[in-house]
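This briefing concerns the pockets of one structure and a helix that contributes to them. Please consult the sequence and the model while reading.

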Amino acid sequence: MADGVDDGAVPGLPATSWAVLGLLSFGRELSGYDCKKWADRSLGLFYWSPSFSQIYSELRRLEAAGYATSRLVAPESGSRDKRVYRITGEGLAAVRAWAGTAPVDPPVLKHGPLLRLWLGHLLEPDRVREILTGHRDHAETLRGRAAADAAEAGAEEAWAYPLLTLTWAERYYAAERDLADAMLADIERAERAETVVTTEKADKAERDEGER
């Protein structure tokens with residue numbers, strides 16, 4: 001038992017709550033804006049990044065549950081105070097219990113470009129290539145972003161495990177980029193083979209016609 005939370009018990013909260021509580025688990029006071037920025041630079045590369053409205057809603061939920069506390073601080077510039085949140089001992093115990101004991105959902109692949117490739121017989125070849133090229137370029141952009149964020153996270157000792165997830169993301173998007181390149185090469189080979197077969201059939205038909 002730690003601060004009122006049994007280590008084996010998992011309170012019933014949505015995944016977004018655990019993600020936001022996880023952002024607070026690194027021990028820093030964070031505003032809603034800070035949470036969004038951190039989520040975009042880590043969670044968004046391998047899970048999803050909650051919207052501002054989701055983050056603020058979850059922060060209020062976590063505070064009401066006793067998993068976080070908040071206070072208003074004067075900004076360095078401007079006239080509006082901002083509210084910052086810090087995880088409580090009970091919140092840390094809860095997120096530790098969730099991370100250690102809650103069922104791990106397998107990833108669900110919903111691959112838009114691959115769905116279009118599957119329907120390639122309904123599209124012009126140039127459109128299929130355009131879709132795959134766009135996906136390759138997008139994957140390379142995300143790979144570069146993950147690499148840059150990983151380089152920055154490496155300076156933070158507390159971010160050792162988030163650094164591993166960023167490294168995973170970098171490798172994942174590199175693989176997506178390379179898979180798109182491989183598919184483009186496969187399409188080109190298939191089109192060349194089809195051209196050869198069509199040419200051979202035409203040549204055979206012409207020879208057969210000449211022999212008659």
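Helices are DSSP runs of H or I with at least four residues, numbered from the N terminus. The model is predicted, so local features need pLDDT of at least 70, side-chain atom pairs count only at pLDDT 80 or more, and totals for chains, interfaces and linings use all residues. Residues are numbered from 1 along each chain as its sequence is written, and side-chain values use heavy atoms, without hydrogens and water.

**Largest pocket**
- A pocket is an open set of points on a 1 Å grid over the protein atoms alone, where a 1.4 Å probe fits, with protein on both sides within 12 Å along at least five of seven lines; lining residues have an atom within 4 Å of a point.
- The largest pocket holds about 2,000 Å³ of space.
- Its lining comprises 47 residues, of which Leu 43, Phe 46, Tyr 47, Trp 48 and Thr 165 are the closest to the centre.
- Helices H1 (15-24), H4 (89-101), H5 (112-118), H6 and H7 (160-211) each supply at least two lining residues, and H7 gives the most, with 10 residues.

**Second largest pocket**
- About 250 Å³ of space lies in the second largest pocket.
- Residues lining the second largest pocket include Arg 28, Lys 37, Asp 149, Glu 152 and Ala 153.
- Helix H2 (32-41) and H6 are the elements that give two or more residues to this lining.

**Helix H6**
- H6 (residues 125-153) has 29 residues and reaches 42 Å from its first C-alpha to its last.
- Buried residues (under 20% relative accessible area, 1.4 Å probe, protein chains only) in H6 include His 135, Arg 143, Asp 149 and Ala 153.

Notes: Expected span 1.5 Å × (residues − 1). Buried < 20%, exposed > 50% of the residue type's maximum accessible area, 1.4 Å probe, protein only. Points joined across faces, edges and corners; volume = space filled by probe spheres on them.
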